[in-house]
Structure formats: C-alpha cells, structure tokens
Amino acid sequence: MSLDPRINRLDLKRVNDGEITASHLVTWEVFHQEKRGKQPVHAGIVHAATPEQALMFAKEQYARRGKTANLWVVKTSDVYTFNSEDEEIFETTPEKTFRDPAFYKVRERIEAFQAKNKL
Amino acid sequence: MYGNTSLTAEEAKIVNSTVEDPEKLAEFEARITRGEKIEPGDWMPDQYRKQLIRMIEQHAHSEIVGALPEGTWITRAPNFRRKLALIAKVQDEVGHGQLLYSAAETLGKTREQMLMDLLSGKSKYSNVFNYPANTWADIAVIGFLVDGAAIVNQVINSKGSYGPYCRALERICYEESFHLKQGHDNFVYLATGTKVQRDMLQEALNRWYRPLLHFFGPSDRDSQHSEKLMKWKVKLASNDDMRNQFLDQYVPKILELGLTLPDPELRRGDDGIWVFGDPDWDEFKRVISGDGPCNAERLEVRRYSELAHRWVREALMNPKEKYVTPLA
C-alpha cells in the first residue's frame, strides 16, 4: 500500500513483464524571445517528434516563468556550427581596428592645420 | 532538489589514476584556472566527462524521483492556494529533471539510457527521496528544509566548470527560490497554528532530522576524495562544509519558532562548526543500497510510467530521423 491514493489506483504490476529498450526522439534547440523587439536567445532543448510538439514542450519548459513574447524551435541536426577547436579563426576580429569608430581621430590633425594657417 | 554525489573507493581510485595526454590536459586545466567554462565540443579528460555524467545524471534522477513524495499530497492539500503552489512546484521538479538530463546528454549519454539505468538500479538518486511524506507537515518540512539543503548544494555547483550544467543550475536555483519561500510559508503557518498543527510539524521535523543530516553524504573523514575533481571544478565543496552551511542557515529559522530538533548534542561551536550526534550512518548505507522505506515503490512507479506510456512514444517515432547530441 502506498501513501499516495493515485498510486494505489494504478495497477503497477500490470506492466511489469514489459521489455524496456532505448528509443530516442530527436532534440530541438529552443530560442526564447522575452519581449517583442528583442532577439530570441538560446534557452535549451526539448525532445519531441514534431515541431508542434516541440513548441508545446518548449512552452512548458522555458515559458513557465517571467515574460515571453515568442519561442522558436530548430531541430538540433539542422544547426550548423564551427568546431570549437577552431576558435582561433575569430582571433583577428578585434585586431581590425580600422573597423572601429574609435580608431578615427582627426582632431589633432585639424588643430595642427588651424595653427599652421592661423585659422 | 538534490543530494550527495560521493565517490566509492573504486571510483576515486579510477579518477585519481587515469592518465591523459599531458599537453591537452595542461591546456584544459589552465582554462579552468582562468575561470573559463568548458563547452560540449571541447576536449576534456575522460574522467571529467564520466564523473560529470554520473553527477548530473544522479541530480536529474533526484529531481524526477523527488517529485513523487510531494506529489502524494497534491490530491489532499489543505486548501486551493496550497494545492496550486504544490502542483507548480512538482511541475518545476520534473522540469528540472529535464534540464539536467539535457545537460548530461551534451556529454554523450542519451536521456533514454539514463532513464533505463535508473530503473535497473545502475545509477542512483538522492537518498532523501526514499522516505515517505506521512502528513501534510512533511510537505512543509520537505518544501522548506529539503529544498533549502538542495539550494545550498546547487548554488555551490552552479560555480562549476561545465557550461551546460551551470546554465541549467542557474535556471533551477531561480525557480527553487520560489519552492523555498512557499515551503517556509507553509512551515511558519503550521508552527504558528493550533496545537494539533504544531505537534504535527514537530513530529515531521523529528522524522526528517536524520535524513537531512544524511543529505550531504558521509563525513569527509569517511568519504573518498579526488583532488582532481576539485581542481577541475566538478566538486566545489566538501560534504561537511555544505552540511555546516546548511545548519548555519536553517537551524536558527527552526528554533525561532519554538520548535526543537531531536538531537541533544546539536550546537554551534565557537569556531562556527556545528556539532551533532551520530545520525546513524549505517541507516544511510542501508537505505542507499535499496533497503529504505520507499525505494521499491519509487522505482516501481517510475517503471510503470515508462512502460505504460511507451506506446505513445513509439507511435510518434519517425524511423527516418537520426538522434544527434544536443548542442549546448
């Protein structure tokens, strides 16, 4: 006898001769948009058979608290990423200062020009 | 909710003796020392991966099994507000299980394999869930103190080195703070209620005192250590440190209500270290190896859910789809 009346109502032994084998539904990457106008941000994954079911589970799992404007789900196998060992391909990005607005400083040049030409 | 993940002597020996590629290992350890997180696609020592899977998996099992003792009282909550809160909390616990299974999956073990290992007894869950919730006051004690203990553990673990586990824990801790507050509210209402309510709470407290001391696992004197797991930020605090932090935070909150704890030796030492009577570690060992009041029922219910509803999943399966490990 369990303390839980719901468990006592189940016929637990009914399924005891069943065979358990592993079978996997595919996973979906979930993106959560907090507010209209904000970017959807990766929140986690769900297991589901169809996109509709993935959205339903994503709503339960990632939109239970706080604000939500929308959710996206993308099948994990449809996401392409770089290999994390190739991180160095991004290394030169911060070095390309010619793309940085702070790189462009003309005030000194203007002042030198003004001094020279007595402006 | 969550419990302890002590190593067996055998496991500690394997962790401590496995040799890895020294160059990659040095790079990996330097990364952790710098406070960087490790992500699923990164190189990691074999033992790092194995111990994390074991730990996160146990944590996940604890969440879904932990929903069972509390679920017992959903149909008999004393009023509608308490019932709504309890339903929401139990749903959270199952949701936490899913978040944690996802984090463990990124390391290469599938959710289905983990669920099967739970049913076969190959992997464990927190010992505290092998005890019954006899009365509504047990729900107050679980919601306040078992969740309180779990939060101590989870906040510490969220500072670990594995990115997906830390992210799952941050979300979990955020939700657990509601569990703790509603548990405390329930606890205080009973403690400040009628004599019958107070007595019921005191009895529940007496029942849960030992399992709560067991919660963080055996004393550091009697448990296996691995310097490597500390260095790799898989384990971040010792069992005794966590237990002490829990007693420090929660004993005053119990005593301020005029309740007592069934341990004449319990006191806070001048050095801030709590002293307590022997909580019967033999009982702990007995229960963890399967001989607790509810072990059989918990696994039977889980097995029933798995088998009775399996046809739904099979009907949904698309044989052309190929399972791949989740990304983050």
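The axes of α6(B) and α10(B) come within 10 Å of each other and cross at roughly 130 degrees. Axes here are lines fitted to C-alpha atoms, for helices over the stretch in contact, with angles from 0 to 180 degrees between N-to-C directions. Helices are DSSP runs of H or I, at least four residues, and strands are runs of E, at least two, numbered from the N terminus. So α6(B) is oblique to α10(B); angles under 35 degrees count as roughly parallel, over 145 as roughly antiparallel, 65 to 115 as roughly perpendicular, and the rest as oblique.

This is a predicted model: local features need pLDDT of at least 70, side-chain atom pairs count only at 80 or more, and totals for chains, interfaces and linings use all residues. Residues are numbered from 1 along each chain as its sequence is written, and chains are lettered from A and ligands numbered from 1 in the order written.

Which residues meet between α6(B) and α10(B)? On α6(B) they include B:Ala149 and B:Val152, and on α10(B) B:Phe246 and B:Tyr250. Contact means C-beta atoms, placed from the backbone, within 7 Å. Leaving aside neighbours within four places in sequence, B:Ala149 is in contact with B:Leu212, B:Phe215 and B:Phe246.

B:Ala149 is also among the residues touching the most other members of the largest nonpolar core, which has 65 residues. α6(B) gives the most to this core, 12 residues.

Methods
Core = buried A, V, L, I, M, F, W, Y, C linked by C-beta atoms within 7 Å. Buried ≥ 20, exposed ≤ 12 C-beta atoms within 10 Å, placed from the backbone. Contact = placed C-beta atoms within 7 Å.
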